Amino acid sequence: MAADSIELSIYTFALKEKNVKKGEYFNLNEFYRKNFIFSTDKNPLLVEQDELYNRFKIEIIKDFKNKFRLNKEGTKGISSDDIKSYSNSNVIDGIIIGGNRGLNHKIYKINDNSNSTGELSNDEIMALPHYFKIWTPPNSQVGILMIQNYSNSGITTLLIDFLKDFYTRYNTSFSETRFVPNEIKESFINRSVVKKVSFIKSKLGKEARQAFNYAFTDEEGIKIKIEISGFSKETPVKNF
C-alpha cells in the first residue's frame, strides 16, 4: 500500500422513474417513501424517514447476498455488510470491500523471487476497503455520491453499475455526472495545447447528400467529417 495514494471521486446524480417524460426527476426523499413503504405498515404516513433510510440500507446489503458482485468481465468484485444510515443528515455511508479477482496469481515476498508463499485462485478477491457516501438533500432532485479509491485500484465503475442495477429494481433510472472542481478544469485548460480540431455532421437530409455528391443520395448513414491539424505546439486550448 505504500505506493498507493488515496483518491476521491465525486458525482452528482438524479433519479427518474422509468417510462415517464424526460426531465421529470424524483424528489429524492419521495423515492424512499414511494418504494420503502410496506404493506405491513399500519399507517404509511407514520413511517419515519429514519426507518425508510434503514430499509433502503438493508436492501442494498441484501443485494450482495453475502457474496462479491463481479463486473461484466469477471475481473473485479465488490461487496459490503457495513452500511449505515443517518436520516437527520439525509446520508447513507459505509465501507465497500473490493478489488481485483485472483487469476491464479502467485504470491512472493518482495526480497525473494524464488519461493512462492501462496497462490490467489480465480475464486478469490484481493479486497481493499473503500469508503462511500450518498447524500440526498431534502426537497432536492440532485444527490451527491462520493467514492474513495486508490491510485492503483478503484471500484467506482463497479459501484455505479451496482447502484444502477439496484435502482432499476424499483423502476427507477440512476444518472450520474462526474464533478470536477473549477480549479482543476482551469489548470487542465491552461496546461493544454491544440493538436487537432474535427467537425462532424451526421443525419444529413437527402437533398444535402445529393448536393454534396449525387452518388450519396440514398446513403442515409453518410457522415461528413472536416479535420484541421498542423497547429503550432504552442497553440493553447484557452484561445479556442
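Is Phe56 buried or exposed? Phe56 counts as buried, because its relative accessibility is 0% (buried means under 20% relative accessible area, exposed over 50%, and partly exposed in between, with a 1.4 Å probe and protein chains only).

The notes below concern a predicted model, in which local features need pLDDT of at least 70, side-chain atom pairs count only at pLDDT 80 or more, and totals for chains, interfaces and linings use all residues. Residues are numbered from 1 along each chain as its sequence is written, and side-chain values use heavy atoms, with hydrogens and water left out.

1. Phe56. This residue sits in helix 2 (helices are DSSP runs of H or I with at least four residues, strands are runs of E with at least two, and both are numbered from the N terminus). From Phe56 to Thr217 the C-alpha to C-alpha distance is 55 Å, for a sequence separation of 161 residues.

2. Salt bridge Arg55–Asp41. A salt bridge here is a side-chain nitrogen of Lys or Arg within 4 Å of a carboxyl oxygen of Asp or Glu. By this rule the structure has 13 salt bridges. In one of them, the side chains of Arg55 and Asp41 meet at 2.8 Å, N to O. Arg55 belongs to helix 2 and Asp41 to the loop between helix 1 (28–35) and helix 2, so the pair ties together parts 14 residues apart in sequence. Both Arg55 and Asp41 are buried.

3. Salt bridge Asp63–Arg169. The closest N and O atoms of Asp63 and Arg169 are 2.3 Å apart. This pair links distant parts of the chain, 106 residues apart: Asp63 is in helix 2, and Arg169 is in the loop between helix 3 and strand 9 (172–178). Asp63 counts as partly exposed because its relative accessibility is 22%; Arg169 is also partly exposed, with a relative accessible area of 44%. Asp63 and Arg169 belong to a network of salt bridges that also links Glu59 and Lys62.

4. Salt bridge Lys106–Glu119. The closest N and O atoms in the salt bridge between Lys106 and Glu119 are 3.2 Å apart. Glu119 counts as partly exposed, at 41% relative accessibility.

5. Largest pocket. On a 1 Å grid over the protein atoms alone, a pocket is an open set of points with protein on both sides within 12 Å along at least five of seven lines, a cavity is a set of points where a 1.4 Å probe fits but cannot get out, and lining residues have an atom within 4 Å of a point. Grid points are joined across faces, edges and corners, and a volume is the space filled by probe spheres set on the points. The largest pocket holds about 170 Å³ of space. Its lining consists of His105, Lys106, Ile107, Tyr108, Ile110, Leu120 and Met126. Strand 5 (residues 105–109) gives the most to this lining, with four residues. By class, the lining has five nonpolar, one polar and one charged residues (Ala, Val, Leu, Ile, Met, Phe, Trp, Tyr, Cys and Pro count as nonpolar, Asp, Glu, Lys and Arg as charged, and the others, Gly among them, as polar).

6. Cavity. A search of the whole structure finds one cavity of 30 Å³ or more. About 30 Å³ of space lies in the largest cavity, and Ile60, Ile96, Phe132, Ile134, Leu159, Phe162 and Leu163 line it. Strand 7 (125–135) and helix 3 (156–168) are the elements that give two or more residues to this lining. Helix 3 gives the most, with three residues. The lining of the largest cavity has seven nonpolar residues, no polar and no charged.

7. Positive phi. Most residues other than glycine have a negative phi. Asn66 has a positive phi, near 60 degrees, and is placed in the loop between helix 2 (49–64) and strand 2 (69–70). At 79% relative accessibility, Asn66 counts as exposed. Asn90 also has a positive phi, near 55 degrees; its place is in the loop between strand 3 (76–86) and strand 4. Asn90 counts as buried, at 10% relative accessibility.
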